Amino acid sequence: MPEITRRRALTAAAAVAATATAAVALTAPAATAAPATGHHDPAAPDSFDEVYKGRRIQGRPADGTEHHHEHGGGYAVFIDGVRLHVMRNADGSWISVVSHYDPVPTPRAAARAAVDELQGAPLLPFPAN
């Protein structure tokens, strides 16, 4: 019987991991896949328009003309009419350029967190690259 070498053990472990990954990918529901860039996600949050702590926050599905709309999962958020750059994480949580290290469950929560963080300061436009 041949002796198991480190190389054979690592190859076998890699093969098992690849098989498990393929099995999970084949059994995962298609609805959990991220939408293709430029396509509206039917599971996208609803629009909102409210006053929070004296600031008007708005959110709506992006129409595709805004710069970087693909990072926000097809969604645009505004504070007092100024675009808040938001991004959707792989786990479905949201972050903004103002509260980047504090993921929240919805774009509305991201807008509220940004208002809290701004503490009355105006939101400055995020420069486009």
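## P127 and the segment after helix 2

P127 lies in the segment after helix 2; helices here are DSSP runs of H or I with at least four residues, strands are E runs of at least two, and both are numbered from the N terminus. At 55% relative accessibility, P127 counts as exposed, where exposed means over 50% relative accessible area, buried means under 20%, and partly exposed is in between (1.4 Å probe, protein chains only). The C-alpha atoms of P127 and H85 are separated by 9.8 Å, although the two residues are 42 apart along the chain.

## What kind of model this is

Please keep in mind that this is a predicted model, in which local features need pLDDT of at least 70 and side-chain atom pairs count only at pLDDT 80 or more, while totals for chains, interfaces and linings use all residues. Residues are numbered from 1 along each chain as its sequence is written, and side-chain values use heavy atoms, with hydrogens and water left out.

The pLDDT (the predictor's confidence in each residue, from 0 to 100) averages 78 over the protein chain, and 66% of the residues score at least 70. Confidence is highest in strand 1 (residues 48–52), at a mean of 97, and lowest in helix 1 (residues 6–27), at 66. Over residues 29–39 the pLDDT stays under 50, and the model has three contacts beyond four places in sequence for this stretch; a contact means heavy atoms within 4.5 Å.

## The overall layout

The protein chain holds two helices and six strands. Read from the N terminus, the order of its elements is α-β-β-β-β-β-β-α. Of its 129 residues, 29% count as buried. Among contacts between residues at least 6 apart in sequence, 38% join residues at least 24 apart.

The accessible surface of the protein chain comes to about 8,700 Å², and carbon and sulfur atoms account for 59% of that area. Accessible areas come from the Shrake-Rupley method with a 1.4 Å probe; for residues, only the protein chains shown count as cover.

Let us turn to the strand pairing. Strand 1 and strand 2 (residues 55–61) run antiparallel and are joined by five bridges; two strands pair if DSSP finds at least two bridges between them. Within this pair, D49 stands opposite Q58 in strand 2. The hairpin of the two strands has two residues between them, and K53 takes a positive phi near 50° there.

Strand 2 also pairs with strand 3 (residues 75–79), again in the antiparallel sense and over five bridges. In strand 3, I79 is the bridge partner of I57.

## Salt bridges

Side chains of opposite charge can pair when their charged atoms come close. The structure holds five salt bridges, each being a side-chain nitrogen of Lys or Arg within 4 Å of a carboxyl oxygen of Asp or Glu. One of them joins R56 to D49, with the closest N and O atoms 2.6 Å apart. R56 is partly exposed at a relative accessible area of 41%, and D49 is partly exposed as well, at 47%. In another, R112 meets E50, the closest N and O atoms being 2.8 Å apart. This pair links distant parts of the chain, with R112 in helix 2 (residues 107–118) and E50 in strand 1, 62 residues apart. R112 is partly exposed, at 30%, whereas E50 counts as buried, at 16%.

R55 and D80 also form a salt bridge through their side chains (2.6 Å, N to O). R55 lies in strand 2 and D80 in the loop between strand 3 and strand 4 (82–84), so this pair ties together parts that are 25 residues apart in sequence. R55 is buried, at 10% relative accessibility, while D80 is partly exposed, at 41%. Salt bridges that share partners also join E50, R108 and R112 into one network.

## Helix 2

Helix 2 has 12 residues and reaches 16 Å from its first C-alpha to its last, close to the 16 Å expected at 1.5 Å a residue; the expected span is 1.5 Å times one less than the number of residues. Its buried residues are P107, A110, A111, A113, A114, V115 and L118. What covers them includes strand 1, strand 2, strand 3, strand 4, strand 5 (86–88) and strand 6 (94–96). Helix 2 is followed by Q119, whose phi is positive, near 50°.
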